[in-house]
Each structure stands twice: as C-alpha cells, then as structure tokens.
Amino acid sequence: MTFAKKGLRTLLAGTLALGLCVGPTAFVENANAASQVVAVVNKTAITNGDVVRRVAFLRLQRRKGDLNKLAKQELIEEALKRQEIARVGMSVSTDEVNAAFSRFASSNKLSDAQLNSILGQAGVGAEHFKAYIAVSMSWPRLVNARYGSKGKLSNQELVSRLLENKQKPVTTEYFLKQVIFVVPASKKGIVGKRKAEAEASRSKFPGCDGAMEFAKNYLDVSIRNLGRVLEPELPPDWKPLIEKASGGTTGTRVTERGVEYLAICNQRQVSDDVAAEVVFRAEDIGKEKETGENPNSKKYLDDLRSKAQIVEN
C-alpha cells in the first residue's frame, strides 16, 4: 500500500473500526517479548517485534491471508526501499512525516495524542506508523527521479512488451486543429453569444487546409495546429467529443480561453513503435490509477532485491 489518499482512507477505516473499540491486546505483550531476528536485509535486522507490529497494522487494514508471512515480506521490501532512499539521499524530513501524521489525525477529527493512543492500543505504535509514512512518502519521489514522472519506456522495455504481446497494439491516430472563439477575461458576459457563433460556424468549416482563411471571416478566432495525437493521449475533456464528432468537427466546449471545438483533419488506425509505446504507457497509467502504485516501483524494487543479500530465518 502506498501513502496515497486511497490507501490512507483504507487504513483509517480499519483504525476506526478496531482501534476505538478495543483495549490493549496481546499484540502489545508480544511486541515486548525478547527480540529475535527473523530476517537480515543487507546487514539490517528485522525482528519478531517488527513483524508483530506490522501484523497488527495489517489487521487494522483488514488484510487477509497469512499475515505473518505478508508482514515479513512487507518489512523486507521497506528495508530495501529505506536503504536505497538513504543511499540516494532523498528521504523526506522528520517535520514532513510529523505533518503528515498530524494531517491524518486532523482529517479524521482526532488529535495527535488520540491517534497515538489508538495505534498503541492496537499494538502498532506511532513510531512504526511514522516509519511507514516516511518510506511511503519518499519512495515515489525516488521512483520518479529514476524513471521520470512520464514513465517513458526504454527501447529494451518496449521490445520486451512487444514480445509479450506477440503483436503491436493498434490505436487511432488523429491529426487535429483547434478552433478558438476567444472570449477576453473582461467580457465573460458574451460567452453565450460566442458559443452560438462557434456552433453555427461548424457547418461552414471548410476543412483543415482552409482553416486559416476561414478564421478571417470571424472576429477574434484563432487556429492552433495540434498535429498528431494518438487516442490514448487525448485529453479526457475532449475524448468523448472527438469520438462522437460528425462532419469533421467536434461539439463546442467553453474553456478559460473562450469557446472551442476541434477539427479532425485526418484519422486512421496505426500500429507503429510510437503508437505501441503510447498504448503501453496508457495501460501502465491505468494500472497506477487502479492500484495507487507506479508500475516502475516494482521494477525498481525487483532490481534492488536482485542485488541484495537477504537471509530469512
């Protein structure tokens, strides 16, 4: 789980469901038992006490399965991440972690002391939670710094994906021009009039080659050449209008610039390398939105794991 809003809400639901209605449990007693090393990650020891606290944390999240095994694996992964964060020097500050802890408490009508108490009663402890926060905030920055926030695929990655798929994905290629009936910020009252003008002009649009001459027939109309745009790259606000377009132009939209529509100069199905990369990147972004996890995070972690010395007892 990342320290994304979705993850925080999931965690909080468990905290409120369990932490406010139970007193001190066996988790606390077990955490205070004599420490035993259960794993070593590049000379960093993970103890049974660490595992007990993480199991308690997983219970608050209402996770299922073999919690002891899951807890150990999460802690091993966090140790790898923490070591890499320290090596690169990209850790968030203590103040940032404390501020995140306070926001978490405040957004759910709890004081820091109350959240401390809940975590303590559940056997997790504030320090364990803060350590989790620190890694969860620092790691995405590290992943983005290494791979870039746009997640561009390397040639090797592209070839690997193509081999996995056995054939290049197909997508629609558009060549677009943007027609803007400008509405100055000081004249927002004329939006309705401009919208009517824009709508009426669509039936008269002569095609992209004559777009500049067409604009001269209207007051304050500009034409922008958007060039080649692949279907996965279409802005969400425009995509439905483009898919429903008739007569070579889309319906109009009121934007901060005025009233706009798009002219579709050409469209066709393509399956070249550029299209493949765009499709694959869109798939990765979709997975990231669903899971809250950057696909490059696993890639980075797998690389660290392959080079690490990990001993489990």
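Q: Okay, how many bridges join strand S1 to strand S2, and do they run parallel or antiparallel?
A: Before that, a word on the source: this is a predicted model, in which local features need pLDDT of at least 70 and side-chain atom pairs count only at pLDDT 80 or more, while totals for chains, interfaces and linings use all residues. Residues are numbered from 1 along each chain as its sequence is written, and side-chain values use heavy atoms, with hydrogens and water left out. As for your question, four bridges join S1 (residues 37-41) to S2 (residues 44-47), and the two strands run antiparallel. Helices (H or I, at least four residues) and strands (E, at least two) are DSSP runs, numbered from the N terminus, and two strands pair if DSSP finds at least two bridges between them.

Q: Which residue of S2 is opposite Val-40?
A: Ala-45 is the residue in S2 that stands opposite Val-40. The hairpin of S1 and S2 has two residues between the strands, and in it Asn-42 takes a positive phi near 50 degrees.

Q: What is the order of the strands in the open sheet?
A: The order is S2-S1-S7, three strands with antiparallel pairing; S2 and S7 (310-312) are the edge strands, each pairing on one side only. Three bridges join S1 to S7, and Glu-312 in S7 is the bridge partner of Ala-39.

Q: Which helix lies across those strands?
A: Helix H4 (residues 67-88) lies across S1, S2 and S7, running at about 35 degrees to S1. For such angles, axes are lines fitted to C-alpha atoms, for helices over the stretch in contact, and the values run from 0 to 180 degrees between N-to-C directions; contact means heavy atoms within 4.5 Å.

Q: Stepping back, how many helices and strands does the protein have?
A: The protein has 13 helices and seven strands.

Q: Which residues have the most contacts inside the largest nonpolar core?
A: They are Val-41, Ile-46, Val-51, Trp-139 and Tyr-300, in a core of 23 residues. A nonpolar core here is a set of buried Ala, Val, Leu, Ile, Met, Phe, Trp, Tyr and Cys residues joined through side-chain atoms within 4.5 Å. H4 gives the most to this core, with seven residues.

Q: And what does Trp-139 touch?
A: Not counting residues up to four places away in sequence, Trp-139 touches Lys-81, Ile-85, Ser-297, Tyr-300, Leu-301 and Leu-304. There is also a second, separate core of 21 residues, which includes Phe-101, Ala-126, Tyr-132 and Ile-133.

Q: New topic: which cysteines does a disulfide join?
A: A disulfide, defined as a pair of cysteine sulfur atoms within 2.5 Å, joins Cys-208 to Cys-265, with an S to S distance of 1.9 Å. The pair links distant parts of the chain, 57 residues apart, with Cys-208 in the loop between helix H9 (191-202) and helix H10 (211-215) and Cys-265 in strand S6 (residues 258-270).

Q: Why is it called left-handed?
A: The disulfide is left-handed because the torsion about the S-S bond of Cys-208 and Cys-265 is about -90 degrees.

Q: Is Cys-208 buried or exposed?
A: Cys-208 counts as buried because its relative accessibility is 14%, whereas Cys-265, at 32%, counts as partly exposed.

Notes:
Buried means under 20% relative accessible area, exposed over 50%, partly exposed in between (1.4 Å probe, protein chains only).
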